[in-house]
Number of protein chains: 2
Amino acid sequence: MSRKYPSTLLENAVNELASLPGVGRKTALRLALYMLRRDVEYTENFASALLDLRRDVQYCKVCHNICDDETCAICADTNRDHSLVCVVENIKEVMAIENTGQFRGVYHVLGGIISPIDGIGPGDLEIDSLIRRVASGEVKEVILALSTTMEGDTTNFFIYRKLAAYDVKVSVIARGVSIGDEIEYADEITLGRSILNRTSFNDSIKI
Amino acid sequence: MSRKYPSTLLENAVNELASLPGVGRKTALRLALYMLRRDVEYTENFASALLDLRRDVQYCKVCHNICDDETCAICADTNRDHSLVCVVENIKEVMAIENTGQFRGVYHVLGGIISPIDGIGPGDLEIDSLIRRVASGEVKEVILALSTTMEGDTTNFFIYRKLAAYDVKVSVIARGVSIGDEIEYADEITLGRSILNRTSFNDSIKI
């Protein structure tokens, strides 16, 4: 539907807002009108927070997590186990795993996963720097925590092959029926794998 | 859920994005990370479009519609019928009615409706300027096109009472069963009113 906007300033703002993923033109118009109802400072703070993020954000030189300094708080934490490296796709997964409070190792953020359909190859990801971390001899175990998709499995396998030359344990996070899920509603592949990869009952009650 | 952000710049940006209506913290994080994946110019254009809108937007001195000049394109259009004024709540309704292509009069944007629960009284709306437009003698008919809610009805009645002193026709947009709706699913109040306010079949086939 073509819409006529009463002001080009409004139209430009709607165009920019609608360029965000998941934001349609109707929502964009609602957001633009919301800003007009708030005072000028609101939009100024809004705009400068986004500009500051985009212009001044840094990436940890060790794990490529987002941070405010050269090294992120996790890599700088001497209480964490730096020999245990969890490989994730993006910083969202770092935040999700940190929120579990179950992991005391460090991370390696790939910045994506191998996806030929999107034109993303191994060279576009931080895989070489992962190999260098392992080659330095400090890493004892690499945990692959990528999505269970074809792209995730491809990336897992690529990294696994690259790491085969080094004396390092490579593991993947456990796949199985989610806690709280009813067995009859679990999908067949997950349920099948959860039977193949069953754990000792003694181990399971320790958690 | 409390989330720890790896960067205060990221946290600030997420806070600002999540302050928008309908945007939660998860969506805000996704939008912030999207901006980090795009080049710097993207965020700069985004921020300046919003700032330009908020700082430079003007409101038409006649109808209070958003515009780029002192008078909006609709009020400046001499081909339109300036004796026919459609009263709406906001500029979204102006755009919706303009999109129908059925209206060749002009508008009057109230900037809200009377809502005691939100602390909005008649003095907060552009009602006085509507009365002045009518008092000038140029307006022959005022069409009230507000929402069919208690607040809309209250505002309609308030304006109707204020205009009683002037020689002007006051009408409201037709209420009835939507075109394409099946009668059996129409709500009782709408259906009842559509029978009371029935129109001549001859009139209905002209449209």
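Student: Where does His64(B) lie?
Tutor: His64(B) sits in the loop between β1 (58-59) and β2 of chain B. Helices (H or I, at least four residues) and strands (E, at least two) are DSSP runs, numbered from the N terminus.

Student: What sort of model is this, and how are things numbered?
Tutor: This is a predicted model, where local features need pLDDT of at least 70 and side-chain atom pairs count only at pLDDT 80 or more, while totals for chains, interfaces and linings use all residues. Residues are numbered from 1 along each chain as its sequence is written, chains are lettered from A and ligands numbered from 1 in the order in which they are written, and side-chain values use heavy atoms, with hydrogens and water left out.

Student: Why is His64(B) called buried?
Tutor: Buried means under 20% relative accessible area, exposed over 50%, and partly exposed in between (1.4 Å probe, protein chains only). His64(B) has 17% relative accessibility, so the residue counts as buried. Its phi is near 70°, a positive value in a residue other than glycine.

Student: What about His64(A): buried or exposed?
Tutor: Buried, because its relative accessibility is 16%. His64(A) lies in the loop between β1 (58-59) and β2 (66-67) of chain A, and has a positive phi of about 70° although it is not a glycine.

Student: What makes Glu44(B) and Arg55(A) a salt bridge?
Tutor: The term asks for a side-chain nitrogen of Lys or Arg within 4 Å of a carboxyl oxygen of Asp or Glu. The side chains of Glu44(B) and Arg55(A) meet at 3.0 Å, N to O. Glu44(B) belongs to helix α3 of chain B and Arg55(A) to helix α3 (residues 40-56) of chain A, so this pair joins two chains.

Student: Why do both partners get the label partly exposed?
Tutor: Glu44(B) has 26% relative accessibility, so it counts as partly exposed. Arg55(A), with a relative accessible area of 48%, is partly exposed too.

Student: How many salt bridges are there over all chains?
Tutor: The whole structure has 4, and the count between chain B and chain A is 2.

Student: What does the salt bridge of Glu98(A) and Arg80(A) tie together?
Tutor: In this pair the closest N and O atoms are 2.8 Å apart. Glu98(A) lies in helix α5 of chain A and Arg80(A) in the loop between α4 (73-76) and β3 of chain A, so the pair ties together parts that are 18 residues apart in sequence. Arg80(A) counts as buried because its relative accessibility is 7%, and Glu98(A), at 26%, is partly exposed.

Student: And in chain B, how far apart are Arg80(B) and Glu98(B), N to O?
Tutor: Their side chains meet in a salt bridge at 2.8 Å. Arg80(B) counts as buried at 6% relative accessibility, whereas Glu98(B) is partly exposed at 28%.

Student: How do you know which residues of chain B and chain A are in contact?
Tutor: Contact means heavy atoms within 4.5 Å. With that rule, 52 residues of chain B are in contact with 51 residues of chain A.

Student: What is the area buried between chain B and chain A?
Tutor: About 5100 Å², of which carbon and sulfur atoms give 71%. Buried area is the accessible area (1.4 Å probe) that two parts lose on being put together, summed over both.

Student: What makes β3(A), helix α5 and β4(A) a right-handed unit?
Tutor: A crossover is right-handed if, with the strands pointing away from the viewer, the path from the first strand over the helix to the second runs clockwise. β3(A), helix α5 (residues 91-100) of chain A and β4(A) make a right-handed β-α-β unit.

Student: How do you know that β3(A) and β4(A) pair?
Tutor: Two strands pair if DSSP finds at least two bridges between them. Here 5 bridges join strand β3 (residues 81-88) of chain A to β4(A), and the strands run parallel. The bridge partner of Val88(A) in β4(A) is Val109(A).

Student: What makes strand β4 of chain A mostly covered?
Tutor: In β4 (residues 105-109), 5 of its 5 residues are buried.
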